[in-house]
Every structure is written in C-alpha cells, then in structure tokens.
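Subject: Handover of a structure and its findings

Dear colleague,

Please find the structure below, followed by an account of what was found in it. I would be grateful if you would read the two side by side.

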There are 2 protein chains.
Amino acid sequence: MTDTTERADTAAGRALGDAGLRQADLYFRAANYLSIGQIYLLDNPLLREPLQAEHIKPRLLGHWGTVPGLNFVYAHLSRQVKRRGTDMMWIVGPGHGGPSAVATSWLDGTYTDVYPEVTQDAAGMRKLFRQFSFPGGVPSHVAPETPGSIHEGGELGYSLSHAYGAAFDNPDLVVAAVVGDGEAETGPLAGSWTAHHFTDPRRDGTVLPILHLNGYKIAGPTMLARMPESDLVSMLEGFGYRPHIVAGDDPAEMHRTMAATFDRVLDEIAEIKEGAGRGAARGGVRWPMVVLRTPKGWTGPAEVDGQPVENTWRSHQVPLAAVRTDPDHLRQLEEWMRSYRPEELFDADGAPVAESTAVVPDDIERRISGNPHANGGLLLKDLTMPDFREHAVEVPAPGAVRSEATRVLGGFLRDVVRANPRTFRIVGPDETASNRLDAVFEETGRAWNMATLPTDRNLAPDGRVMETLSEHLCQGWLEGYLLTGRHGLFNSYEAFIHIVDSMFNQHAKWLKVTRDLPWRRPIASLNYLLSSHVWRQDHNGFSHQDPGFIDHVVNKKPEIIRVYLPPDANTLLSTAEHCLRSRDYVNVVIAGKQPTLNYMSMEDAIAHCTHGLGIWEWASTDAGVEPDVVLACAGDVPTVETLAAAKLLREHLPDLRVRVVNVVDLMRLQPEEEHPHGLSQKAFDAIFTTDKPIIFAFHGYPWLIHRLTYRRNGHGNLHVRGYKEEGTTTTPFDMVMLNDLDRFHLVCDVIDNMPGLGVSAAHLRQRMQNERLRCRAHTREYGDDAPDIRDWTWSS
Amino acid sequence: MTDTTERADTAAGRALGDAGLRQADLYFRAANYLSIGQIYLLDNPLLREPLQAEHIKPRLLGHWGTVPGLNFVYAHLSRQVKRRGTDMMWIVGPGHGGPSAVATSWLDGTYTDVYPEVTQDAAGMRKLFRQFSFPGGVPSHVAPETPGSIHEGGELGYSLSHAYGAAFDNPDLVVAAVVGDGEAETGPLAGSWTAHHFTDPRRDGTVLPILHLNGYKIAGPTMLARMPESDLVSMLEGFGYRPHIVAGDDPAEMHRTMAATFDRVLDEIAEIKEGAGRGAARGGVRWPMVVLRTPKGWTGPAEVDGQPVENTWRSHQVPLAAVRTDPDHLRQLEEWMRSYRPEELFDADGAPVAESTAVVPDDIERRISGNPHANGGLLLKDLTMPDFREHAVEVPAPGAVRSEATRVLGGFLRDVVRANPRTFRIVGPDETASNRLDAVFEETGRAWNMATLPTDRNLAPDGRVMETLSEHLCQGWLEGYLLTGRHGLFNSYEAFIHIVDSMFNQHAKWLKVTRDLPWRRPIASLNYLLSSHVWRQDHNGFSHQDPGFIDHVVNKKPEIIRVYLPPDANTLLSTAEHCLRSRDYVNVVIAGKQPTLNYMSMEDAIAHCTHGLGIWEWASTDAGVEPDVVLACAGDVPTVETLAAAKLLREHLPDLRVRVVNVVDLMRLQPEEEHPHGLSQKAFDAIFTTDKPIIFAFHGYPWLIHRLTYRRNGHGNLHVRGYKEEGTTTTPFDMVMLNDLDRFHLVCDVIDNMPGLGVSAAHLRQRMQNERLRCRAHTREYGDDAPDIRDWTWSS
C-alpha cells in the first residue's frame, strides 16, 4: 500500500522529495489538463494536431475557477492515502467543481470502473471531454453521476454537515471536506463548523475541513478571503480547530508545503484517534484543518483581452470565452493546455503514464473516488427490526381511549436504537423530548462532547440522538449518514421543517437521478416525523402554523415521495416501521403528540395502513350499500372532527347514509398513472362514489386534495376543509373553528351540499352555528375548550 | 433628556451609583413581576389578596427562561437612551421573549399608547396578564402585535440580519440585537455575524449584538454557553467584534457591571461614528458587542419538587406547572412574585411608581418600544419613481426582435437607485451581474467595507447593491430594511429561493397580522425578481431546476400575495414599477435573462399588465368569434412555445380557430371570491370559453394551474403543460421537450384533445413527432439547439 520513495521522503524530515514532487505535479497537471479538456473540447483530446475551431464545443459551459485548487487537493490527499492506507472519502463543496471530480476519478481509474465505455485511452478521453456539460452527458457540478460523491454541487452550504454525517459511526474514516470561500458565506455552512462538538473521537470518524480560499465568488471577492488573516485564524480557533495554512501560487513550492501540511495534519488526527482509543477525554479535542489559499483559476490564463483573469473573479467560469470565433483565444487555449505538457502525462494511446498516477492508491477501494462509503447502498444493511406490535396500544373500542401517538412511537424507536447501536440515529432541533419521543433516552443520550454539569440529563459522548438548534445541520447530518449507508429519522416541528425545503429538494433530486444509475445502490429512505403540527400550535400561535411542507414535497417525482397521516398510535407504529424498512424514498409522516383517540387494534391498523385508506364501517351508516354522503379525513385532528360530525349526523339525521373514509397514505388519492401508490379509478370510485358529495377534512391546505384528485370522477362533488392560514394564539378547538374544519362546520357542509334534506336539516344547521358560538364564547371566557369538546369520544 | 443623578454617577468614574442601581433594579423587578403575571394570572394582578387557584390561568402557556435576561437588558438600554438621547430600537432574538417585550413596553407607557384599553393601572394590568397567550389575546412570542418589534419570535436565526437591515441608511440609529444562545446555533444566525463588513460607519447605523448566554435551549445545553470562554472570545473577535463580557447572577453586582459595560460600549460606538464622520477609514472597524451570561430563569424558583430549576433547562417554559392543583406550587408562585416586592413597584392604583420607571426616556419616540423605526410605515416615503417608459424597447412587430428582459430592467433599476440614494437597496446572492442587472453598477457599487485590490470592480463602502452568498442574509437584510420604512428588491436564481421559504412564510404571516393592526402603518412590498429560471438552467442541470417557489407562495393569504410572469421586456418594466409602488404585499416576478422575443409596445404592455391577462389578437385566428381551441401561456419560455405552436397550427390547419391568451398576473386565474385579483366567472369564461379545449403552457408545475382554476367552468377542458421534474444538462429547447412543453407537443395536445380534426391533423401530429426527433438528434450531435428553433421568430 505504501510507496518506498515517499517513505524516504518522510524519513528525510517530511519534506517532499524530488520524486514525490514530480509525481504530485504530474497528477496535478494531468487533472488540470483533463478539466480544461472537458470544458472546451469536442475532439482532438490529446492535442495531437493543432487546435481548430471545430474541435471546440459550440456552447462553452463549465467553471474553471475552483478546479485547479481541487485537483491540487485531490493529488495530495491521494498521496497520503497511498502512503498510510487511510480510509478516506472527499466532499467537494465548491459548486462548480464538476470537471475536477470527473478528471481525478478518470485518472484514478475509478471513472472507467463505473462507466466502462469511458476508457482510459484517447477514445475514452474524447468521450470524457465531449459528455461534460453536453446534452445527454454529465452535469457541470459534482452530482450523483460522479463517482466518489455524496454531495451535489450547486446549492451551497452543506459540505461540512454532509461530511460529519458520513463520519458518524465510521471510526476509521477520514472525510476530507473542501469548503469553498463562496460556500463559507452561507448560513448553513457557517453554522456547521462547530459540528465536531457532536462527534465522538472513539466511535466516529474524522472530518478534515479544507477551507479553500481562492478569493472570489461569481462576480466579487469573498469575505473569508479578505478578512485579516489574524481574524480568520481567530475565528477558526474559536470554532475549535487547529488551522494549518497553505498559501501561494508557485506549484512546486505549494506541493512541498501541502505535502508537509497533510503529513502533519494526518499525524495529528492519528494522535487524537490513538488518544481516544486509549481512553483520553473525548471532549475538548482540537481537530486539525487546512486553510488553502491559491489564486482563482490557478495556472490558467493570466490575462485575456488585456484584462487580468487568473486570480480574479473573471476566471470563475470559462476564462477564454470566444475560442470558436477569436483565433487569438483559440491560440491562448492551445498554449494554456500545452503548458501542462500532455505528452508527458499520457502515453501514445492516451492512457495516463504510470508516473502521472503514481500518487493513486493501488487498492481500488482506497482510491478516494472509489471509496465505497460514497456509494452507501453498497454498505447498507437492513435494520435489525424489533417487533413494533409489542408497542401496540389496547383499543377496547374505536374512539374510546386516548394515547399520545408519538410517545408510543418513542418506545419503538428506543428498541430500534437498542437493536442497531451503530447504524441508526435520530436528529432534530432540540425537540425529541418535546415531541414526546423521550423513551429513547432510556437507551441512549444526546450526542455531546463538550463540558457537562451535574444538573445535565441525557447527554452522552456517543449518544444516538443528535440535537442542535439548526434544522440545516440536522438535515445535512442525516443526508450524509444515509448516503453512506445507514438509517435515521428527523423529527421536527411541522412549520419549521420549511427551513430545509431546499435541502429536501436537492436530496429528492439526487434520489431521482440515482434511480437511473444502476451502479448506485439503493439507500435507506429519508424519514421525517413532523409532530407539533399546525393544529396543535394553538399556544405558539400563527407564526408556528404551516402545514405546507407536504405541498412542497409532492412537487417532486412520485417515485420518490411518500406522505402518511396516521390518525392514531397503532397506525403510526405500523407506518413508522414501514418507512424505516423502505429504500430510496422521502417519507413524510405527520403525527400529533397530544393525547388523541385510538381507533384501531394493531391488526386493524396494519391492514388499514396496507390499504392506505379505507372505509370505517363502524363509523359509517351506509350499511355497506351506496351512501348519501362521504365524510373523508386525513390527519389525526381532522379524523376526530370527522367522526364527531358523523356522530352528530347519526343522532340528528338518522336516515342519512354516511360513509366515513380515513386516508393514511395521501398518495393513494392520485391516479395510478401518476403515482405508484395511486388507486385505480375503479377502486377510488368504489370508495368515494362518483356522484355523492364528499366532505373531506384534511390536515393541510385544502387545495392539495383538489390537486391530487382533479382527475377523479367524483372531483366535482368534492368539498375540502383544511388549514387556510387562519390562526392565532388560542385553543385547539378554536383553531379548527377558525378554519371551518370543526365538526359543526362539517355537518353544515353536508347539509349545504345536499339540498332537499328538509326542515330537520335546517334546524340542525342552526344548532351547529349555535354550538360554534357557544364554544367560542367558552374559549374567550375561560381560555380553554369547553369540556364536552375537550373530552369528546366516539363512545361518549 | 438626561438625568442629573446619572450624570453624577458618570462623573464618579462611571460606576452605577446607589440611586442608579436602585432605579435599574426597580425596573428589572417590575418587568419580571409583570412577565410572570402574564404567564400565570387571570386575576389578582397586584397580589392585593392571597393568591388562589382561581386566579391562575387554566392553561399555563408561556416561557420564563429567557425573560429576566431580556428585562435586564431593556432596563440598561433604556438607561443609556435616557442619559444620551440615543436613537435606539431593539430586536428580541430569543423566541419566547414575548412576556418581556410586553412587560417592558407597558412599563414604558408605550403599550398603553398603542392599546389605550390596557391602562397603566390595576385594571390594565389585569388585562395585560389575562390577554397573554390567551384566546383572542396576544402571542407568547414577540410578534406584530408587540410595540417596538420588527422581529417575530419563534423561528430562530434572523435577529442579526433584521438588525443590520434596520440599521442601513439610518446613520444615527443603534439597533440593539439580543441573540439567544439557542438562536446562535442556527445556520442563518451563524452566517450573519460578519454582516458588519457590509455596513458603512458613515452612512449606516450601528448594530449592537448582545449575545445572551443563559445556557440552555428547550431541553439541553447550548453550544455557545459551553464552549471554553477563550474559544468564544476568539470566535467573536474573528468575526470582527470587540466582545465585552458581563457574567453573574447577583442582580446588584450585575447592574453595576452592565451599566459600566453599556457605558463603555456606547462610548466606543460614538468614537467609531465620530471617526467615520471625520473621514477615518471605513473598513476594519471593530464594533463592540456584549456577551451576557445569566442563569436561565434568573431570579425564578431555584428548586421545584426537589429538582433544580433556575439555571437549568427546566426553567425554559413554566417553572411551576401545577399551580392550579398543587398548593405547594401555588405557594411557591406567590413567594416568587412577592420576592419582587410589588408594593414598592406599583402605587395604590396599580400604576408604576415614578422611581420604578426612572430609567425610561421622557420622549415617547425615544422609548425603545416606541421607536418609530420599529413601525416603519410611519417613516415610509414613496420612492421617487423615474419614468419606466423611458426604458421601453422598440417593438416594430410582435415577436420579431429580442431583448434580455432583465438587462432592460437593469437600466430602470439604475435610475431608481439614482433617484433614491438612501431609501432603496438591491440584495442578492452574488447574481446581480449574472442576472444582467449590471446597469445599476453605472450608478453604485456592491457594498463592501473590507480590503480591496486594484483588480476589484464595482465595490464601494456605501454601495446600494448588497451581495453575499447567503440568501438568508439577503432576505433578513431586506426584511429589516422594509420593516423600518424603506424599499428594495431581492434578485435570485429561481431554484434556490427555496432557501428562504421559511423566512418568506414568517414575513407573509407578519404582513397578514399587521393588516388587522391599524397602528401598524403599511410598509413597502417585498419584491422578488426570480431570474435564471427553471427553463434556462439547461447548463446548470437538474439540481438548479425548480419552479416551486410560486406553489409555496400561493399557500399564503391572497391579500398578501402577487405573482407575475411578464413575457417580455416591456411587460417586465411595467410589472416592476407596479411592484415597487405597492404596499404590504409579497410580489414574485419571474423573468428570464436570456434574449427573448418582444411582443408588446410599452403602451400595449401597460394595458396588458393592467388587465393581468388577455387575448393576443395578432396571434389568434378566431377573428373575434368563438375559437375552436384556446392556447394559453404564462411565462416567457412557455409564451414562445405557445406562439410557435399557434403558428404551426395556422400554417398546417388553417381552418382551426385558435385563440392565444397570455397571463401575466397569475392570480387572475383564481375566482374573485378567492383572490382580490381574481377574474369574475363571466370574464374568465369570455376569455377561456366554457367548453373548448384549453392547452395551457405554464412556467411552473402544471398542477398549480389546476389548483387555481378548479372552480372554473372550463376546468374540465383544461390541459396544462409545465415543468414535471424532468431535466438534465442539455439545451434550452431540449428542456422544454423533456417536459412536453415544446411547440410540437403543444400542437399534438391540440390534436389529441380535438377528435375529428381529420386526416390532415393526423399527418401534422406525425410530423410534430418527427420534428421532436429531429431536434433531439441535432442536440445530441451538436450540443446545441437546431438553428431554426434557436432563431425562431413569430415573423420568420
């Protein structure tokens, strides 16, 4: 695994010897050459003939600025891996690093392993160049298509959180995370530097941040590059790191400095790990990191059309833009490419010569682009699944007794943690106890490697619960953890999960693309448990009331998306177990934490969840024949209101045939052509009818139900109630009244949509209005719901 | 304005004298007493009789933990304002600081100014207590209802960015921003510490961050409170601040330290401002800040039921939870409240005694809660609006020549900047030039107060363009700027605006609530310009393709929301001017930056935008009578495809009467009962017909059009094409083909929805399929769109 020349270098005072210097530089030059080729060339990849306009792509799309720095880092990381046998992956934070990640993995041999048609020869190089940022080809960002990546470039901010997620529970893994100085300006990145406080040097791997300051973002300078260096160091030390600075623009000198620095840094990491292994204190560790200052567009054209380019923002994208039309640009491009001396880098067939890949580890799995952690599905093992049925609540009769659904789930999650001590984590913004999952603390603690006080509870250096008041960090951690082949759950307040809308987007898009990449193995689903939901944010008020995450989620590909609204504890258990077993989805489960009625025995719950929706015969009065009206519901609070409405109708309009339908799996509502879970038209019609009024009480924004069902036969008869942005600080029942989702209003909706029900219906309608007034008056007077509402049960 | 006693103190070496100590402590105790009263009491506000269970609220909702620290800060800020006459507002970052903001503003007299029914006497105090977190009352967070606030509590992360936004262009204003140690863990907050690098000490006001470390969030310790203090100081110094630490738990000692510290801090600020006025260098300023360490729940119950409460997470919410049922809790509450000695704080009528409000400034506008900047509509002036018509592009004929719409807009924005040098700002993540608004740089630069290099361009210490690679910071800045009575525009890539989904939510909710608060004056609308949109992210690929921000936006109250899709340059100009004049909305404008056909002269564009949608007669062949089919479109790219389809139909099926409808104002599609811009059913039917097929080409996700129109008569005939998450790195036309939005597919849609068109239609359909194949083949071969597609015009 190690290389004798390099060992000699090390013995000689850790300086990079001439052979090592040459090897690193050959790799660096080769990667740079291949990167530029991707941006520019359709043909003539080895410059075996003079460069002509027709060799150039018609649209020049790609980014050079960040690439040489990345190539430089990769060369030196590889060298360390080869010498030490380190288990290492890398995360490319700079959004436009695509050419580098592709170039280095092709040099490695990894690219050809994954895409055998892109051979390591002139023909393969031509393909490699041509496909880049080309229709039908590969994106200009690091992407799912890129071997060795778990991190999409483009939307910036998540490189460090992904890196930490990957490092958890992989004690021997080093995750080198390159953070661009553009990305470093984002909030999510700024908030993830201190994530090491949650890692355990015994149990977890190491994140090695490499802050790459090339000075510019798209069009202007970056803050971190222009801060006084003393401020920068002070800031990074404050974050808890020991920064090592590598700065310069002379490649030879930079190779020597970088080699020596990575030597020191990896020694420091080894010492910390060794100390941890010996039982040294886990907190207060100062992890090393690297600050790399190189010119933006390093080794590229210094000047174009009389304007400085290297080391300015002008090298962000394509430094020579008019190559097809301006002979001078064409000449400059050829000179630039030839400055890397391709004839020294590639042999007659176009394969990399041995010396130019001498820094590459021999073992394929040790090549950074080939590290199996970056294709987590390869390493994924099923969870050891405890029996969720053991946590079933007793349901003597439907709607008679209450449970806190998430508290029941907490017991099951505790058992999942217990059975999977190294492959399952729960993340959340400090709400695990608030969301009543605190049974997990019987088995584990909150991960914490900072100072503790005697009054602290449930903190542990190796805790499986990751709590920090940053949804971004929670999401990034979990994504990194899943993408490297493990399992987990994100629990959060419903309203504030919008904080990670955009991160969800990127993950869902990643999953969609990987479905078409057979070499990417399926990974565990991303599971959201949204509790403290819109209907029970009566105390926190309007700013905490937003059920729109579902709307956001269902815009993504149906193949990826699942949304569940279990109405009670046993259905939540069944749903959660199903989600934890699933692969390659994003599962959104919405379940309240407040005491709510139970309806279904465990066996009934399993059957109901398996169907995804169903008629609740016990609550219906249609006696198995065609109903007069359908009351449908999805969500725990709407289910209570629907049942209460059904009961009012049963009492006051006993001749009316009412069918009650409960929906757990929201995607059942879509046509089968549009979602894999979609019901057939026939099945849908059998449940909802084609011509009877359907009063649908929904957890979220009402128009979502219309959007899911607008192709259904019965859509014209559908009347949906849900949250319509009417909320304030009030009581739970007043919340549903404010949005016309309450039992009394549902009864009125039935009456209003069934003309001809006669005078008894008209009386009932008036009575319902009076009931609303009574409830509101009680609430305003006593600050609470009327007891008959609060304590209502189906059997009462 | 100043107070003689306090001046004596200052003379005596800046120590807080006994009188000053007593005044500060009286205010502190009074505010604490009033805060606890809000959480607990329905009645007996002054404890004139022994506390009984019936005096206690039935639901105890509220948060004590952060409150005493906030009260302490407010007392000492007020004292400084009174002594110095400083123009000061505060931002309460800690989410659950509601009781403090309400208590201090009531003590101030500000609360009663705004809500005269909540008098400064026993009856008013009873109201104050009762309304808190009570149905029909006020939220437990700082909220629009709270005088002196521009910052909703709850979703954390934005206190500093709001503070900086408020300080811009208010050179004499000091914005004291209390940052909780929970909030400090969020990404957006972590990313906003360095925002001072964008402020100009000459032109902008001062943000005084007060990092309040009380040690705990909901259920566990906070990172910043447990970091070694040396790390904390190092980090804050690295951010560019001079931190002053105030730590302790003895109120008397803390009062002295805080008074002396604020004295020093405000002197430092005055020195910096004075230096800036004298022309000192603007960059490299080290602004002072305060780190305040106090116990969580300071001065609250030390122990409850044998568990430590003060200085632990247990004091986060309601420290004594069972007051109505547990006599011991009730006794403890009474002791706790009496520990503040209410008889010394309030007179016989319940009004604050003079000495307990001695720290309060006499001038109402100087009281921190009464600062007019916190009710920005009071200070708002109309923009001086240049004539947008001067920027009109010549349109010799519809669809004949191209413009880059946003580049045209840039010229207008330059003039807006010029005409409003202190009240208008443009924010964005480093994309002003990329979005082709760079004409603004003829007038101003990017705000930048760090080191510069000779190669830099368009940087200026007082630049009006605020660019940082943090959408969170951009949004927070703009919100703070608007809420304090100024104007602005956020320009961003469409896909990544989802990063601020949740911030948009909070702002839209804020606006909705303020509509019911007459004392809150209207503010300028929040204007988003989304360019680099989904259809032209062909080069950046799938991860950059997401038009879903509209879907997110339209979930909020129709009264607040406007969405515009101008198809060309002149309609964009007209739309932008309208948005910049508007009040209390969120306007979302989506417009491409690529060369696109122009259709309308300026006068036509104004008329079209005023109607919001309309029939384009010149593109239609229905000759003013009933059409056979309606081709509708919204968005610049769908408009081109629709016109091209109309032209194909005109050529190949000349007898077919085609009506082309373009929609600029998306909200016109909703029924008038649902949105103020909604078309009447009659008007809608007149345009779209009730029975003819409507093929609608839409910029965003197609189901949004269904959601907006499902109550329309013609909805059953509506067929929508839009983005359906099919994208990759390809060409612009391939992008529309991938999503079946292309001209050829639209023609097929017409044919498929009009059975009986006969054999010529069948032939055309086949031809359209062949055209698609031809285009795809060209793209795969040449990496670009076929020239006839790329260069297509209506007149070609």
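With which residue of chain A does Glu725(B) form a salt bridge? The partner is Lys509(A), and the closest N and O atoms of the two lie 3.3 Å apart. A salt bridge here is a side-chain nitrogen of Lys or Arg within 4 Å of a carboxyl oxygen of Asp or Glu.

Please note that this is a predicted model, in which local features need pLDDT of at least 70 and side-chain atom pairs count only at pLDDT 80 or more, while totals for chains, interfaces and linings use all residues. Residues are numbered from 1 along each chain as its sequence is written, chains are lettered from A and ligands numbered from 1 in the order in which they are written, and side-chain values use heavy atoms, with hydrogens and water left out.

The interface between the chains

In chain B, 116 residues are in contact (heavy atoms within 4.5 Å) with 116 residues of chain A. Together the two chains bury about 9400 Å², of which 57% is on carbon and sulfur atoms. Buried area is the accessible area (1.4 Å probe) that two parts lose on being put together, summed over both. Arg59(B), Met223(B) and Arg226(B) supply 7% of the area that chain B buries against chain A, more than any other three residues.

Between chain B and chain A there are 16 salt bridges. There are also 55 residue pairs in polar contact, both residues being at pLDDT 80 or more. A polar contact is a pair of N or O atoms within 3.5 Å; within protein, one must be able to donate a hydrogen and the other to accept it, and residues adjacent in sequence count only if both atoms are side-chain atoms.

Among the elements that give two or more residues to the side of chain B that touches chain A are helix H10 (229-238), helix H16 (501-514) and helix H25 (759-782) of chain B. Helices (H or I, at least four residues) and strands (E, at least two) are DSSP runs, numbered from the N terminus. H16(B) gives the most to this side, with 7 residues. The residues of this side divide into 38 nonpolar, 45 polar and 33 charged. In this division Ala, Val, Leu, Ile, Met, Phe, Trp, Tyr, Cys and Pro count as nonpolar, Asp, Glu, Lys and Arg as charged, and the others, Gly among them, as polar.

Particular salt bridges

Over all chains, the structure holds 117 salt bridges. One of them links Asp456(B) and Arg226(A), with the closest N and O atoms 2.7 Å apart. Asp456(B) lies in the loop between strands E10 (446-447) and E11 (459-460) of chain B and Arg226(A) in helix H9 (residues 223-226) of chain A, so the pair joins two chains. Asp456(B) counts as buried at 11% relative accessibility, and Arg226(A) likewise counts as buried at 11%. Buried means under 20% relative accessible area, exposed over 50%, and partly exposed in between (1.4 Å probe, protein chains only).

Within chain B, the side chains of Arg436(B) and Glu404(B) meet in a salt bridge of 2.5 Å, N to O. Arg436(B) lies in the loop between strands E9 (424-428) and E10 of chain B and Glu404(B) in strand E8 of chain B, so the pair ties together parts that are 32 residues apart in sequence. Both Arg436(B) and Glu404(B) are buried. Leaving aside neighbours within four places in sequence, Glu404(B) is in contact with Arg436(B), Lys593(B), Gln594(B) and Pro595(B).

Enclosed elements

In strand E5 (residues 287-293) of chain A, 7 of the 7 residues are buried, so this strand is largely enclosed by the rest of the structure. Trp287(A), Met289(A), Val291(A) and Arg293(A) point one way from E5(A), and Pro288(A), Val290(A) and Leu292(A) the other way. Strand E4 (residues 241-247) of chain A pairs with E5(A) in the parallel sense over 7 bridges, pairing being taken as at least two bridges found by DSSP between two strands. Arg242(A) stands opposite Pro288(A) in E5(A).

Helix H7 (residues 159-167) of chain B is mostly covered, with 9 of its 9 residues buried. Asp169(B), whose phi is positive, near 60 degrees, follows H7(B).

Yours sincerely
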